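Please walk me through this structure, one part at a time. Keep it brisk.

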Amino acid sequence: MNIMVVDDELIIRESLKGWLEKFGYGVHTAEDALDALEKLERESYDVLLVDIKMPGMDGIELLKKVKEDQPDVIVVMITAHGSIESAIEAMKSGARDYLMKPFDPEDLELLIEKLVQTKRLVDQNKWLRESYEGKSRFQDLIGQSEAMQELFQLIQDVAPNDTPVLIVGETGTGKELVAKALHALSPRRYAPFVAVNCGAFTETLLESTLFGHEKGAFTGAYHMQKGRVEMANGGTLFLDEVGEISPKMQVDLLRVLEEKKFHRLGNPKPMTVDFRLVSATHSDIEKAVLDRAFRQDFYYRINVITIAVPPLRERKEDMELLAYHFLGRYSQELNKNITGISKEAMDILTSYDWPGNVRELENVIERSVVIGKKRKIAPEDLPFQDVRIPRKPVAGSLEKVEKDHISEMLRACGWNIARTAGLLGINRTTLYKKIKKYGLKQPAS
Amino acid sequence: MRSEDKIIAVQPLGDVRADVLEVIAANLQAFFQIRTKVFPDQPIPDGAYNAHRGQYNCYPVLQFLGTLGPDHAIKIIGVTEVDLFIPILTYVFGEAELGGNATVISTYRLARGKDWEPVPSRRLFERAAKIAVHEMAHTFRLPHCKEDRCIMSSFPVLSHIDEKPIYFCRYCITFLKDEYEKLGLA
């Protein structure tokens, strides 16, 4: 048990420290509330023994601050100037107990025994909470909201079959993680999971990427190259941004899906292949089908089962869980001792609409861990100071909302492409594409 | 100097019963396997008295004890009949700093029963021996022990002292041996 004694009197601090050390506890001392808060920023404590009457910030104020930031810390108030009023106030503000100094040796021992038991309960609660959070993890997906729990169940039901699945959801919602979960829970899990981002290739390049090519099949084909379809044999082929596939490629892929055969470019001999197809899209394919921009037969072939991944703004109850998950990951990766998120910072995270979804949240937390100096992420660590946070639902189509948001972010970041892309949780190439798509122009300065 | 030349100094502070000092010296010698020697009494330092509390503060006493004793005294134990306290507690039977050289114990409360009546000498001897061994062990860096029957478990009230045998559990013996090795006493 790690204890901090906060008292302005040196003799009390040292006396209590010496007494507690004989019980084998790790004890630190602080001479005032600010000293205590600084120490709390740097190290974790289980118990704080706080004198009520101290110069500057008094013990009650310190207690309130501690309870706000670290509710699991057990605080016991001590005073030589005790009164019933301050005792009641302390207990109301979350103090575990209240003692008047000097203490009766038996009382102090009983108190310490009680604190050890309380600490055990706190640890047990934490463990139970973490066990409960275990239910909110499914493969690499995280969420305790009803929407995510339903998603986990659906993945579990669908995974064992070979049925093609179409995953729909906004950018950054975790569609690839859903695809990986489907693969991991399927009988094909020991064979490869091969992902192709269809939106990242031109038609010709996508064809070569998917089907491979023989040496000399086209200019620059110096070596035989296996395609992703071939690589996925026995496993799962994940076509991300399937809505971006050209009509010609849709025909080719449809044939592969129907006949389970394909051939490398430059080789007329067909090869048999066996894979499960999982596709994903952030665009409205149904509309594209109606507009005849997407083949209906291909659509029906890839979309036997649809799995919709909810956007982050529709599952804000998962915000804290997700934020702490990323905080834990990046604190460890970046070797930073940042263990919490202040209430104010969490309020900001919760009120933001997250157009870039979980990916954007991940970027924001990573950035905050990089620049954070305290044990908790504070509002100033978040990249939102100069960005207006939309707090109300915005009317309009998804495209209009996206256009407006990108425009707003570009303006707020002074058209710094890297920073805007970072905030949006997308890469710079995608941002350039979207700027072009929406015809956004940097205003003349 | 050879380790067998080292001693534990037993230092009466003010008037202290000679038989009590003998019992303390004999028990410390038996338990710590270090020779003990009772020295002539010394007055308790004036600065230790707290008129508001009517008790003596252990810290100035421990400081004072640190200045006493011959060079070959590896530890010193002060024994007094006055009531002792440390600033956070209403009273103490004794006090020692973990790993320090000096300790002090008081027979003031040990000599009395539940209703403040004097206890038979045998009971006083037993209590004084237990407190002396317990506090002296703190100076050898032994913290409080969770083993109820161990002399190093905590005993804030007299009834607890009477219930415990004068015995070190196997963990405390191990820790004590470790400390002896560090101090070159093994």
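A:Asn357 sits in helix H15 of chain A, which spans residues 357-371. Its phi is positive, about 55°, although A:Asn357 is not a glycine. Keep in mind that this is a predicted model.

Stay in chain A and go to the loop between S5 and H5. A:Pro102 is placed there. The peptide bond that leads from A:Lys101 into A:Pro102 is cis, with omega near 0°. A:Lys101 also takes part in a salt bridge. The partner is A:Glu9, and the closest N and O atoms are 3.8 Å apart. This pair links distant parts of the chain, 92 residues apart. A:Glu9 lies in the loop between strand S1 (2-6) and helix H1 (10-21) of chain A. A:Lys101 lies in the loop between strand S5 (97-100) and helix H5 (105-135) of chain A. Side chains of opposite charge can pair when their charged atoms come close. Over all chains, the count comes to 35 salt bridges.

Now turn to chain B and its sheets. One is an open sheet of 5 strands, in the order S2-S1-S5-S8-S7, with mixed pairing. Which strands stand at its edges? They are strand S2 (35-38) and strand S7 (94-96) of chain B. Each has a single partner strand, so one side of each is left without a neighbour in the sheet. On average, neighbouring strands are turned by 20° against each other, direction ignored.

Strands of a sheet pair through backbone hydrogen bonds, either parallel or antiparallel. Strand S5 (residues 73-80) and strand S8 (residues 102-106) of chain B take the parallel sense, over 5 bridges. Within this pairing, B:Gly78 has B:Val104 in S8(B) as its bridge partner. Helix H3 (residues 121-139) of chain B packs on the sheet and touches S1, S5, S7 and S8 of chain B. The direction of H3 makes about 160° with that of S8(B). Helix H1 (residues 18-32) of chain B lies across strand S1 (7-13), S2, S5 and S8 of chain B. H1 runs at about 165° to S2(B).

Chain B also has an open sheet of 3 strands, ordered S3-S4-S6, again with mixed pairing. Its edge strands are S3 (49-50) and S6 (84-85) of chain B, each pairing on one side only. How do S3(B) and S4(B) run, parallel or antiparallel? They run antiparallel, and 2 bridges join S3(B) to strand S4 (residues 55-57) of chain B. B:Asn50 stands opposite B:Gln55 in S4(B). Helix H2 (residues 58-66) of chain B lies across S4 and S6 of chain B, at about 55° to S4(B).

Finally, look at where the chains meet. Chain B brings 18 residues to the contact, and chain A brings 16 residues. Which residues of chain B supply 36% of the area it buries against chain A? They are B:Ile88, B:Leu89 and B:His144, which give more than any other three residues. The area buried between chain B and chain A is about 1600 Å², and carbon and sulfur atoms give 65% of it.

Polar links join the chains too. The count between chain B and chain A is 7 residue pairs in polar contact, both residues at pLDDT 80 or more. There is 1 salt bridge between the two chains. Here the side chains of A:Lys22 and B:Glu95 meet, at 3.3 Å from N to O. By class, the side of chain B that touches chain A has 12 nonpolar, 4 polar and 2 charged residues.

Notes
Residues are numbered from 1 along each chain as its sequence is written. Chains are lettered from A and ligands numbered from 1 in the order in which they are written. This is a predicted model: local features need pLDDT of at least 70, side-chain atom pairs count only at pLDDT 80 or more; totals for chains, interfaces and linings use all residues. Side-chain values use heavy atoms; hydrogens and water are left out. Contact means heavy atoms within 4.5 Å. Buried area is the accessible area (1.4 Å probe) that two parts lose on being put together, summed over both. A salt bridge is a side-chain nitrogen of Lys or Arg within 4 Å of a carboxyl oxygen of Asp or Glu. A polar contact is a pair of N or O atoms within 3.5 Å; within protein, one must be able to donate a hydrogen and the other to accept it, and residues adjacent in sequence count only if both atoms are side-chain atoms. Ala, Val, Leu, Ile, Met, Phe, Trp, Tyr, Cys and Pro count as nonpolar, Asp, Glu, Lys and Arg as charged, and the others, Gly among them, as polar. Two strands pair if DSSP finds at least two bridges between them. Helices (H or I, at least four residues) and strands (E, at least two) are DSSP runs, numbered from the N terminus. Axes are lines fitted to C-alpha atoms, for helices over the stretch in contact, and angles run from 0 to 180 degrees between N-to-C directions.
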